[in-house]
Amino acid sequence: MIDLLIYNASQLITVKDSKRGPKIGEEMLDLGIIENGAVAIDKGKILEVGQSSELVGKYREAKKKIDASGCIVLPGFVDAHTHLPFVGTREDEFLMRLRGAEYVEILKAGGGILNTVKKVRKATKEELLKATKAHALKLISSGVTTTEAKSGYGLNLEDEIKQLEVLRELNEQGPLEIVPTFLGAHVIPEEYKSDRRKYIELLENVVMPEVLKRNLAMYCDIFCDEGAFSLEESEEILVKAKELGFKLRIHADEIASLGGAELAAKLGAKSAEHLIKVSDRGIELMAERGVFAVLLPGTSFSLRKPYAPARKIISAGVPVALGTDFNPGSCYCSSMEMILQLAVLGMGMFPEEAITASTLNSAYALDMGDRVGSIEVGKQADVTIMGVPNYAFLFYEIGRTHVKSVIKRGEIVYEAQGPYY
Ligand code: NIG
Ligand code: FE
């Protein structure tokens with residue numbers, strides 16, 4: 001007797017991990033769809049995938065059955081980029097931006113990221129945990145079952161550790177699976193404003209080794225941009241991080257074209273993220289080194305900036321993943337569904353590409369592709385059921401959520417009411 005059978009899915013979108021790696025270029029169009037599909041799940045893993053006509057008889061005795069008639073079934077989304085552990089919101093700055101203030105000007109005046117840093121430092125670990133848990137639930141309710149999450153609102157030893165410990169605790173509690181990233185180099189904190197070197201040295205000599213010693217993160221990220229860290233500073237910090245044993249990610253070419261993508265390729269980073277202003281050379285080098293482009297169309301939309309050149313990036317053969325960039329400043333959006341819609345309707349990706357980028361490719365961007373990101377025998381049973389008859393509907397009908405059920409390691413962790421078709 002198996003734990004769960006999902007059957008009668010109008011489209012079972014497996015995403016088919018045939019290469020055991022990210023899909024590139026035209027491969028992204030192949031969703032491995034099974035019409036009238038079924039998935040057999042046992043002990044948190046996928047046991048069998050196939051036609052309902054075969055699996056329904058075979059697993060008649062399943063402990064639980066979900067009739068997914070009129071619905072599509074797809075891998076739980078993997079959000080490749082968030083700033084999950086924070087407290088407080090910044091809608092006042094949002095209003096300032098609507099009236100013409102620039103994101104980076106607000107930051108330079110001591111607001112923006114620094115505004116949230118003040119709140120996170122003041123919060124107790126329990127308060128931060130409570131807020132972060134609420135953020136995690138928001139992600140789950142939009143079909144996300146695994147997410148990356150960055151620190152970067154502590155900007156000192158104690159509070160960066162506090163953020164990462166909160167992520168560890170939340171990951172242990174579940175159901176959202178969290179891949180932590182250390183982002184101590186988010187901006188220079190207020191108290192080191194007149195001595196940037198001192199903060200960089202603190203990161204390199206104290207905070208980064210401590211994060212590794214406590215095994216709190218295996219990725220190190222940096223905000224390489226105007227108002228944050230220069231290209232030279234970024235290179236120095238990332239080289240040090242790599243020496244210490246971190247894998248690298250870079251917030252690159254978001255506000256200004258500093259050459260973060262080129263740097264990511266030079267250092268063999270796992271990913272360069274944002275890339276609104278990436279250069280053609282940067283794209284070429286990323287393709288050569290297999291650096292993931294983590295694209296964040298919610299940020300472009302929320303900041304009313306151009307979108308990253310997704311078509312160029314895909315055509316060049318760069319592996320592309322998607323993320324919400326969920327954070328209280330540049331993109332207060334936890335809806336992965338909306339991110340997929342913006343990827344298609346704003347950034348020019350095709351629906352199939354957006355689905356691949358937010359499941360299989362984002363899983364590989366987090367080195368999790370062997371366990372999640374597709375519906376295949378042996379992978380973790382992380383599944384989202386959407387109340388739409390086919391995947392085109394996810395993009396066609398906008399402005400409301402389609403998430404019906406979210407399943408993590410074989411357990412139903414979220415259910416919504418509809419209405420569905
Ligand atoms: O990815 N760019 C840097 N960090 C975030 C914004 C963080 C914030 O505004 O609080 C981003 O957009
Ligand atoms: Fe970000």
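**Entry 1: Glu273 and Arg249.** I looked up the salt bridge between glutamate 273 and arginine 249 and found their closest N and O atoms 2.9 Å apart. A salt bridge here is a side-chain nitrogen of Lys or Arg within 4 Å of a carboxyl oxygen of Asp or Glu. The pair links distant parts of the chain, with glutamate 273 in strand E11 (residues 271–274) and arginine 249 in strand E10, 24 residues apart. Helices (H or I, at least four residues) and strands (E, at least two) are DSSP runs, numbered from the N terminus. Glutamate 273 is buried at a relative accessible area of 0%, and arginine 249 is buried, also at 0%. Buried means under 20% relative accessible area, exposed over 50%, and partly exposed in between (1.4 Å probe, protein chains only).

**Entry 2: the model.** I noted that this is a predicted model, in which local features need pLDDT of at least 70 and side-chain atom pairs count only at pLDDT 80 or more, while totals for chains, interfaces and linings use all residues. Residues are numbered from 1 along each chain as its sequence is written, chains are lettered from A and ligands numbered from 1 in the order in which they are written, and side-chain values use heavy atoms, with hydrogens and water left out.

**Entry 3: other salt bridges.** I got a count of 34 salt bridges by this rule. The side chains of glutamate 177 and lysine 408 meet in one, at 2.7 Å from N to O. Glutamate 177 lies in strand E8 and lysine 408 in strand E15 (residues 403–408), so this pair ties together parts 231 residues apart in sequence. Both glutamate 177 and lysine 408 are buried. Glutamate 93 forms a salt bridge with arginine 90, with the closest N and O atoms 2.8 Å apart, and both residues are buried. I also found Lys125, Glu165, Glu210, Lys213 and Arg214 linked in a network of salt bridges.

Entry 4: Histidine 81 lies in the loop between strand E6 (77–79) and helix H2 (91–98) and histidine 251 in strand E10 (residues 247–252), so the pair ties together parts 170 residues apart in sequence. Histidine 81 and histidine 251 are both buried.
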